[in-house]
Structures are given as C-alpha cells and as structure tokens.
Amino acid sequence: MSQFQIPVAVLGATGSVGQRFVSLLENHPWFKVVALAASDRSAGQKYSQAAHWVLDTPMPAYARDMVVVPASTETVDAKIVFSALHTEVANELEPQFAKAGAAVCSNASSYRRGADVPLLLPEVNADHIRLIERQRENKNWRGCIVANPNCTSTGMTVALHVLHQAFGVKKVFATSLQALSGAGYPGVSSLDIMDNVIPNVANGGEEEKVEWEPRKMLGKLNDGKIELADIQFSVHANRVGVIDGHTVCVSAALNQPVEPQTAIEALRDYAAPPSARELPSSPRPVIEVKDEADRPQPRLDRLTGNGMTTVVGRVRKDPIFDLKFVVLSHNTIRGAAGASIYNAELLTNEGLL
Ligand SMILES: NC(=O)c1ccc[n+]([C@@H]2O[C@H](COP(=O)([O-])OP(=O)(O)OC[C@H]3O[C@@H](n4cnc5c(N)ncnc54)[C@H](OP(=O)(O)O)[C@@H]3O)[C@@H](O)[C@H]2O)c1
C-alpha cells in the first residue's frame with residue numbers, strides 16, 4: 001500500500017479530541033480515514049447524527065455519512081489507530097489494537113509512564129521513537145503504542161527543551177490557565193465556569209502529570225531506557241473560561257544566568273530534529289516569540305502555525321528564579337489530535353508502522 005493511502009481509524013471519534021482528528025485528517029496527504037469508532041451510545045448511527053459537532057469549521061463531508069462502529073479490533077481494521085479515549089477505556093483497548101498489529105497513537109494518559117512507551121513531541125524528542133523496538137520485543141506485539149503528552153505539558157515542554165539544551169534548566173514553577181475543551185464535551189458546567197476560575201483540574205491529577213511528563217520527554221534515551229531529566233517541577237493547574245488554548249506562566253531556574261534577549265534568540269532560532277522537520281504536520285515555525293507585552297492571548301494566537309506552533313511571550317528576568325515567560329499551545333490541536341497525527345507521520349517516515 002502506498003504511503004499516500006494508509007488506512008487510519010479514530011477511536012472516540014465523537015468527542016472533543018475525536019472531532020479534531022476528523023477535521024485534521026480531512027485531505028491528509030498520507031492517511032485515509034476508514035473507521036470512526038465510539039461508545040455503544042453512538043455505534044450504528046451516522047457520524048453526523050452521533051457527533052454533537054463543536055468545532056467552528058464545518059464537519060468534513062467524508063465523515064458525515066460514515067457509520068460509527070464500536071471500538072474493537074473486530075470492527076476496526078486500520079494500520080494506524082488514533083485513540084481519543086478516556087483512560088479507563090484506553091487501558092483495555094489500546095493494547096488489544098497494538099497486539100493486533102496497529103500503531104496506536106494515543107492521547108490518553110494510560111501508558112505515558114510505560115518504560116517502553118515513547119512519550120513524544122517530535123520537535124523535541126523524535127529520537128525516543130526508537131523505544132518502540134524495545135516495546136515490540138517486550139510485548140511481542142506487531143503494532144505499538146506511542147503516547148502524546150498531556151495538553152498542558154506540551155507547549156511548556158517545547159519551550160523548556162530549547163532552554164534546557166542551551167542553558168540547562170534546574171527548577172520550574174508553572175501556573176496553567178487551561179481551556180474548557182481540555183475537559184472534553186460537555187465538560188465543565190457553564191454555571192461552574194462562567195465568571196470563575198477553578199483551581200483544580202482532574203482532581204489534582206493534572207498537576208501530577210505536568211510535573212512528571214516533561215521530565216520523560218526532556219530525558220535521554222540510553223540503551224533502550226529513558227533517563228528522566230533532573231529538573232524539579234511545581235505546577236498549579238487552573239481551568240478558565242476560554243474555549244481552546246492552554247496558557248502556562250512559567251518561571252525557570254537555569255544553570256547559568258541568561259539575558260532575556262539571548263533566551264528569545266534561542267527560542268526563535270530553534271529548529272526541530274531533521275527527522276521531524278518536513279512532515280505534513282510539522283509546526284512552522286516550531287516556536288513563535290511575541291514582542292507585544294500583552295501576548296500571547298488564546299483568542300488571538302492559538303491558531304499560529306495551524307495550531308501546531310508553540311507561542312511564547314513576555315520573556316523576562318525573574319527576581320526569584322532566572323527567567324519567566326508565558327507559553328500558549330492549542331490544546332486539542334498541538335496538545336491532542338495534531339500531536340498524535342504528527343507522531344504517526346514520524347512513525348510512517350521512520351518505517352516503523
Ligand atoms: N481535550 C483535550 O484537550 C485533550 C488533550 C490531550 C489529551 N486528551 C485526552 O484525550 C482523551 C479524549 O478526551 P476528550 O476530551 O475528547 O473526551 P470526550 O469529549 O469526553 O470524548 C470521549 C470519546 O470517547 C468515546 N467513548 C466513551 N466511552 C467509550 C467506550 N466504552 N468505548 C469506545 N468509545 C468510548 C465517546 O463516545 P460517545 O460519544 O459515543 O460517548 C467519545 O467519542 C482523554 O483521554 C483525554 O484525557 C484530551
């Protein structure tokens with residue numbers, strides 16, 4: 001089969017992230033959607049009936065009349081399976097698909113901590129994809145599971161990677177302002193979030209993820225194992241009344257004092273590793289640094305680089321740490337569906353399907 005007709009499926013296709021997959025996969029140059037799967041609630045219905053469409057672009061014509069199938073290896077036959085399932089469901093289903101030979105590109109947190117599961121941001125740690133070889137040996141799978149990080153870890157990790165490479169990062173203190181779409185659909189009740197900020201995302205679970213996942217992604221792959229980066233994190237995670245786009249305010253202690261302008265130049269000049277530079281979903285640019293004092297803002301900046309670019313602003317000296325800045329990343333594009341698609345493109349190009 002040519003690279004230009006690889007059959008792919010979306011599990012959890014009717015949800016917040018699933019809809020992004022359906023949208024981003026329209027006219028994808030390599031991938032063709034052959035199955036849309038969801039729960040028993042939706043199975044058997046046309047996608048246009050089952051999905052309560054919440055994106056501000058029209059539902060793609062190719063998906064409207066597709067009949068939603070149950071998420072099982074008996075009903076879904078695809079080379080790449082994009083998973084937008086909740087953790088409890090993903091725990092069980094993703095290994096079944098990997099065992100059946102599919103490359104599972106997952107948004108769920110189920111296997112992110114797996115020692116042989118790549119937690120990937122191709123513009124940061126494309127080399128970690130080689131962990132799949134260890135995974136296939138360990139599990140005796142023909143397929144594999146590749147995870148993308150939590151949507152709040154994503155943009156922050158891209159920016160920290162550049163600073164870590166250039167100056168060394170020791171400690172990070174970060175506060176998130178997370179969009180509503182990050183809670184799925186229907187998500188947080190309007191009466192809870194209107195006129196409000198909720199300082200507790202996923203009952204504290206979010207903070208734990210954002211304090212750990214960057215350490216894996218910024219870690220080194222040595223002899224089939226990831227050595228976690230030696231960086232301390234402290235994170236506050238807050239839900240705010242923004243539809244899309246997670247903002248994170250970051251203060252970082254570095255191994256050496258750095259002038260903000262030097263950090264800005266490092267961030268602006270950063271290019272992804274060669275294997276991740278020219279893929280269809282590669283962020284162009286990887287990082288955009290805003291000069292305006294009141295940017296980035298979710299409404300104005302989240303679609304930079306088609307939602308794949310990490311937007312950084314307010315890079316300045318921190319009187320307690322060394323440097324502080326603000327990061328914005330589109331949570332359902334760079335932080336979820338776009339992330340998995342970018343990972344799948346890397347897998348394809350590296351001959352790992
Ligand atoms: N939203 C984000 O920004 C974001 C970012 C990164 C990662 N994630 C992760 O991505 C995953 C999906 O999140 P979401 O926000 O898209 O959730 P969501 O809007 O609640 O959607 C959940 C999807 O899973 C389906 N589903 C539920 N139970 C199922 C079952 N037993 N079998 C098969 N399908 C089932 C639902 O189908 P029905 O419509 O039929 O019920 C729906 O399509 C989660 O693990 C989340 O943590 C989300």
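Predicted model: local features only at pLDDT ≥ 70, side-chain atom pairs only at ≥ 80, totals over all residues.

**The ligand and its shell**

Author: By class, the shell around the ligand has eleven nonpolar, 16 polar and one charged residues. Here Ala, Val, Leu, Ile, Met, Phe, Trp, Tyr, Cys and Pro count as nonpolar, Asp, Glu, Lys and Arg as charged, and the others, Gly among them, as polar.

Reader: Ok, which residues come nearest the ligand?

Author: Gly 12, Gly 15, Val 17, Ser 42 and Gly 184, of the 28 residues around the ligand. A residue is near if its C-beta atom, placed from the backbone, lies within 6 Å of the molecule.

Reader: And which elements give two or more residues to that shell?

Author: Helix 1 (16–24), helix 4 (87–99) and helix 12 (333–349). Helix 1 gives the largest share, three residues. Helices (H or I, at least four residues) and strands (E, at least two) are DSSP runs, numbered from the N terminus.

Reader: Why does the shell lie between the domains?

Author: Because domain 1 (3–150 + 337–349) and domain 2 (152–330) both give residues to it. The domain bounds come from an automatic or database assignment.

Reader: New topic: in what order do the six strands of the open sheet run?

Author: The order is 3-2-1-4-5-6, with parallel pairing. Two strands pair if DSSP finds at least two bridges between them. Strand 3 (69–70) and strand 6 (144–147) are the edges, each pairing on one side only.

Notes
Residues numbered from 1 in each chain as written.
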